[in-house]
Amino acid sequence: MKALCFDIGGTNLKYGIVENYKVLYFKKERTDKYNLEEQINRIINSFEHDAISIGFAGVVKENKILFAPNLKTYQERELKINTDKRIVIDNDANLFTLGEYANLKNYENVIGITLGTGVGGGIVIGGKLYKGKGGAGEIGHITVVQDGALCNCGKLGCIEAYIGESYFPRYFENVFGKKLSANEIYNLALRNDSRAVEFWKWFSEKLSILINNLVCIFDPEVIVIGGGVSNAFDVFKNFLNVKGNVVVKKSELGEYASLIGGYFALMNI
Ligand SMILES: [Zn+2]
């Protein structure tokens with residue numbers, strides 16, 4: 001089976017052709033937030049394929065987008081996709097976790113954390129994706145500070161409102177005097193810039209709260225960290241304070257993870 005697999009986030013739209021769990025072709029574009037369906041349909045018409053998977057940055061139930069704080073135009077409806085092929089649509093972090101689960105092979109319980117514009121998560125228990133009533137795994141919106149910082153979802157004190165990249169400027173614009181991306185702060189930390197190192201210490205403290213909470217609930221063998229901000233993993237992992245017997249590792253599949261997870265979902269669901 002040749003699958004056309006998408007990974008649609010608030011900033012980037014990635015897609016590729018996947019066959020036998022190998023990515024044969026890969027491309028990244030800016031997400032066209034206002035003409036997203038046209039963008040998807042254009043790509044669908046350009047490639048030969050047998051099935052389609054879409055990882056979408058939002059809560060997805062039975063192919064319907066229920067909630068998408070970073071792509072609000074598409075909330076509470078189905079995406080208008082012109083295809084007669086089989087299609088699976090799921091939360092992007094769920095597909096990320098399925099992809100990592102398929103890649104790791106020897107573990108039954110795997111939690112995925114995606115650190116990007118926002119913070120996403122996926123839960124694989126006993127080799128199966130756990131979705132609750134549909135929205136389980138939205139770990140970015142776990143409260144870590146009562147009545148804390150305002151999150152895009154409307155709540156106060158979500159972990160995403162601290163460690164989501166789109167919220168970084170709140171914390172360091174005063175320190176650095178300008179907006180910096182996660183990658184720029186990472187590069188500064190590699191050069192031992194003390195402000196950047198302090199930032200990643202602070203970041204790891206917050207991320208540790210999330211990880212420790214997840215370990216208490218799910219006791220997984222592995223927690224896999226992906227998303228654009230995970231490029232800084234080799235810096236911030238040194239400051240993590242994780243309790244319990246769990247391996248915390250960086251995604252090996254990187255930008256391919258959600259595409260491989262989509263392929264896994266097409267093959268197994
Ligand atoms: Zn939130």
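User: Happy to look at this together! How many helices and strands does the protein chain have?

Analyst: The secondary structure of the protein chain comes to eight helices and 13 strands. Do keep in mind that this is a predicted model.

User: What makes the radius of gyration of the protein chain agree with a compact globule?

Analyst: The rule is 2.2 Å times the number of residues to the power 0.38. For 269 residues that gives a value near 18 Å, and the protein chain has 18 Å, so the two agree. Along the principal axes, the C-alpha trace spans about 55 × 40 × 35 Å. Buried residues make up 40% of the 269. Of the contacts with a separation of 6 or more, 64% join residues 24 or more positions apart.

User: Why is α2 called roughly perpendicular to α8?

Analyst: Helix α2 (residues 92-104) and helix α8 (residues 257-268) pack at an angle of about 80°. Angles of 65 to 115 degrees count as roughly perpendicular, and therefore α2 is given that description relative to α8. The axes of these two helices are 6 Å apart.

User: Which residues make that contact between α2 and α8?

Analyst: On the α2 side they include Leu 95, Phe 96, Leu 98 and Ala 102. On the α8 side, Ala 257, Ile 260, Phe 264 and Ala 265 are among them. The residues of the contact divide into eight nonpolar, six polar and two charged.

User: What makes β3 and β8 edge strands?

Analyst: Five strands form an open sheet in the order β3-β2-β1-β4-β8, with mixed pairing. β3 (22-30) and β8 (86-91) each have a single partner strand, so one side of each has no neighbour in the sheet. Neighbouring strands here are turned by 15° against each other on average, direction ignored.

User: How do you know that β4 and β8 pair?

Analyst: Pairing needs at least two bridges between the strands. Strand β4 (residues 51-56) and β8 have six bridges, in the parallel sense. As one place to look, Gly 55 stands opposite Asp 90 in β8.

User: Why is strand β12 described as largely enclosed by the rest of the structure?

Analyst: A residue is buried if 20 or more other C-beta atoms lie within 10 Å of its own. In β12 (residues 222-226), four of the five residues are buried, so the strand counts as largely enclosed.

User: Which strands pair with β12, β9 and β13 being the ones I have in view, and in what sense do they run?

Analyst: Strand β9 (residues 110-115) pairs with β12 in the parallel sense over five bridges. There, Ile 113 has Ile 225 of β12 as its bridge partner. Strand β13 (residues 247-250) also pairs with β12 in the parallel sense, over four bridges. In that pairing, Ile 223 stands opposite Val 248 in β13.

Methods. Residues are numbered from 1 along each chain as its sequence is written. This is a predicted model: local features need pLDDT of at least 70, side-chain atom pairs count only at pLDDT 80 or more; totals for chains, interfaces and linings use all residues. Axes are lines fitted to C-alpha atoms, for helices over the stretch in contact, and angles run from 0 to 180 degrees between N-to-C directions. Angles under 35 degrees count as roughly parallel, over 145 as roughly antiparallel, 65 to 115 as roughly perpendicular and the rest as oblique. Two residues are in contact if their C-beta atoms, placed from the backbone, lie within 7 Å. Ala, Val, Leu, Ile, Met, Phe, Trp, Tyr, Cys and Pro count as nonpolar, Asp, Glu, Lys and Arg as charged, and the others, Gly among them, as polar. A residue is buried if 20 or more other C-beta atoms lie within 10 Å of its own, exposed if 12 or fewer, and partly exposed in between; C-beta atoms are placed from the backbone.
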